[in-house]
Amino acid sequence: MTVPPADSFPLMEASIAGIHDAFSEGTVTAETLVERYLARIDAHDEELNAILTVNDDARERARRLDAAFADEGFVGPLHGVPVIVKDNQDTHDMPTTAGSVALAESRPPRDAFVVERLREAGAIVLAKANLQELSFGVDTVSSLGGATRNAYDLDRRPSGSSGGTAAAIAANFGTVGTGSDTCSSVRSPPAFNDVIGVRPTMGLVSRTGIIPLTATQDTAGPITRTVEDAARMLEAMAGYDPADPITALGAERVPDDGYMAHLDPDGLDGARIGVARQFFGLRNEESAPESAATAVTDVIEDAIAEMEAAGATVVDVAEVVDQSFLESARTLEYEFARDFDAYLDELGDAAPVDSLADLVASDELHPSVQARFEPTSILDADPDGLDSNTGYLRRLRRRDRIKRTTLARMADDDLDALLYPPSRVPPVEIPKNQPFKEMNCELSAHTGLPAVVVPAGFTDRGFPVGFELLGREFGEPRLFELAYGFEQATDHRRPPARFIE
């Protein structure tokens with residue numbers, strides 16, 4: 001096989017389609033692609049601190065895929081695509097740590113279902129990304145990896161918990177990446193790093209092999225630089241998993257023609273977008289200056305005007321659901337210990353700790369994460385009593401009501417999607433904590449409805465801002481139409497200047 005020159009393929013902002021075209025034209029190989037991404041990680045990650053581990057088998061996997069391509073062509077829709085995986089998703093050939101020193105040597109015996117699906121589609125697991133330790137928070141700081149920085153301002157937070165993946169994809173350390181989302185984690189990090197994030201409908205993507213935080217909210221999703229790549233990724237990740245019965249709900253919900261068929265450049269023409277005004281503006285004066293929230297709102301308002309110019313009808317929605325009632329549906333304190341301990345039980349003798357309580361007692365967590373346990377009752381919850389715990393069951397019932405109320409609002413106003421910022425304020429300076437009070441993550445998380453985050457532009461200080469579109473249950477095809485239509489009409493994605501070759 002003739003090896004193409006290392007610089008014959010433009011790596012920056014490379015897409016899946018562009019890479020596949022280059023494979024066909026002979027201007028790049030999977031092995032060369034892997035080498036060049038690894039070189040970028042080696043050159044730049046000391047500053048960004050987004051990567052925990054690189055895959056020692058990535059080069060060999062690429063060689064095998066190159067040989068297969070020479071013999072029979074593409075092995076799957078993600079053939080040769082280097083993927084950065086959030087390090088709470090099991091990989092049989094690499095540690096899966098959730099960013100915790102205590103789990104540094106944990107090697108699960110199998111891949112997470114979503115990782116298995118990606119590999120079956122031909123992807124190459126290039127590296128594992130840093131995350132908020134145990135996914136417990138929105139800063140992306142861990143005892144194993146330290147603090148990940150924002151790709152557009154190294155003094156700022158990338159948000160979390162999937163901040164490592166979002167910053168790495170923004171900086172072109174890989175082609176695409178995976179995140180997971182309990183509340184915010186695959187939405188605010190993309191918004192802060194000028195990339196795309198998708199939280200799928202609950203039940204579309206399996207949770208098997210993902211270190212859990214709150215099982216009734218947890219889901220994996222793609223983080224990419226383009227809407228098209230997000231559609232390709234989600235199509236590969238979705239699927240029925242007998243080990244996760246909730247995926248039976250989504251087993252027949254991926255369109256027969258796939259998500260790619262719904263990438264319409266005129267997707268906003270005739271659309272009705274509801275602007276959820278209750279999720280704009282500063283909520284707590286201790287979080288940030290009022291000017292910070294104004295900066296985000298100004299960018300979103302410009303994006304709304306761009307939507308209207310692309311043919312959308314915009315409807316102001318004063319209130320979707322009462323904010324206090326929305327917050328009252330949180331279940332993390334009931335589920336975290338139960339679900340984390342169940343994951344450890346699945347590891348069996350390979351589990352490095354016996355329980356979440358033992359991990360917290362070890363005092364090995366990052367101090368800021370350790371401190372988050374102190375005011376909570378997480379470790380006091382009785383997992384065996386949840387089926388009769390009235391407080392827990394009441395919160396689950398509230399979620400059903402919130403979902404019905406949200407869908408009723410969309411039906412009453414004939415809306416294709418609701419729009420709001422994933423975070424009301426931009427990234428804060430390290431070492432401040434990103435204020436969770438200013439996150440708008442709970443509507444999607446508590447209803448299980450799908451959401452996509454799209455770059456909306458930049459503040460006057462150069463901070464990326466994204467908007468979130470919330471859709472109807474299994475309404476991913478329509479969300480992709482809307483997101484793609486906006487992306488094609490505006491093109492707000494630009495790579496961080498510090499990491500341009």
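I looked up what Gly448 touches, not counting residues up to four places away in sequence: Pro200, Thr201 and Met202. Contact here means heavy atoms within 4.5 Å. I noted that this is a predicted model, where local features need pLDDT of at least 70, side-chain atom pairs count only at pLDDT 80 or more, and totals for chains, interfaces and linings use all residues. Residues are numbered from 1 along each chain as its sequence is written, and side-chain values use heavy atoms, with hydrogens and water left out.

Where does Gly448 sit? I found Gly448 in the loop between helix H14 (442-447) and strand E12 (451-458). Helices (H or I, at least four residues) and strands (E, at least two) are DSSP runs, numbered from the N terminus. Gly448 is buried, with a relative accessible area of 10%; buried means under 20% relative accessible area, exposed over 50%, partly exposed in between (1.4 Å probe, protein chains only). I also checked Gln217: it is 231 residues from Gly448 in sequence, yet the C-alpha atoms are 7.1 Å apart in space.

Next, helix H1 (residues 16-25). I listed its buried residues as Ile16, Ile19, His20, Ala22 and Phe23. Seen down the axis of H1, they fall within an arc of 160°, so they line one face of the helix; the arc is that of the directions from the helix axis to the C-beta atoms. That face packs against H2, helix H3 (58-72), strand E6 (176-181) and helix H7 (227-237). On the other side of H1, I have Ser24 and Glu25 as exposed. Gly26 follows H1, and its phi is positive, near 75°.

Then the sheet. I read an open sheet of 11 strands in the order E1-E3-E2-E6-E8-E7-E12-E13-E11-E9-E10, with mixed pairing. Two strands pair if DSSP finds at least two bridges between them. The edge strands, each pairing on one side only, are E1 (51-54) and E10 (313-317). The twist averages 30° from one strand to the next. Helix H2 (residues 30-48) lies across E1, E2 (82-86) and E3 (124-129), running at about 15° to E3. Axes are lines fitted to C-alpha atoms, for helices over the stretch in contact, and angles run from 0 to 180 degrees between N-to-C directions.

Which strands does E11 (residues 417-420) pair with? I found three bridges to E13 (residues 464-470) in the antiparallel sense, and three to E9 (residues 272-276), parallel this time. On the E13 side, Leu419 stands opposite Leu469 and Tyr420 opposite Glu468.

Last, the largest pocket. I noted a volume of about 670 Å³ and a lining of 25 residues, with Phe136, Arg330, Leu332, Arg372 and Phe436 nearest the centre. On a 1 Å grid over the protein atoms alone, a pocket is an open set of points where a 1.4 Å probe fits, with protein on both sides within 12 Å along at least five of seven lines; lining residues have an atom within 4 Å of a point. The volume is the space filled by probe spheres set on the points. H10 (332-347), H12 (367-373) and H14 each give two or more residues to this lining, and H10 gives the most, with three.
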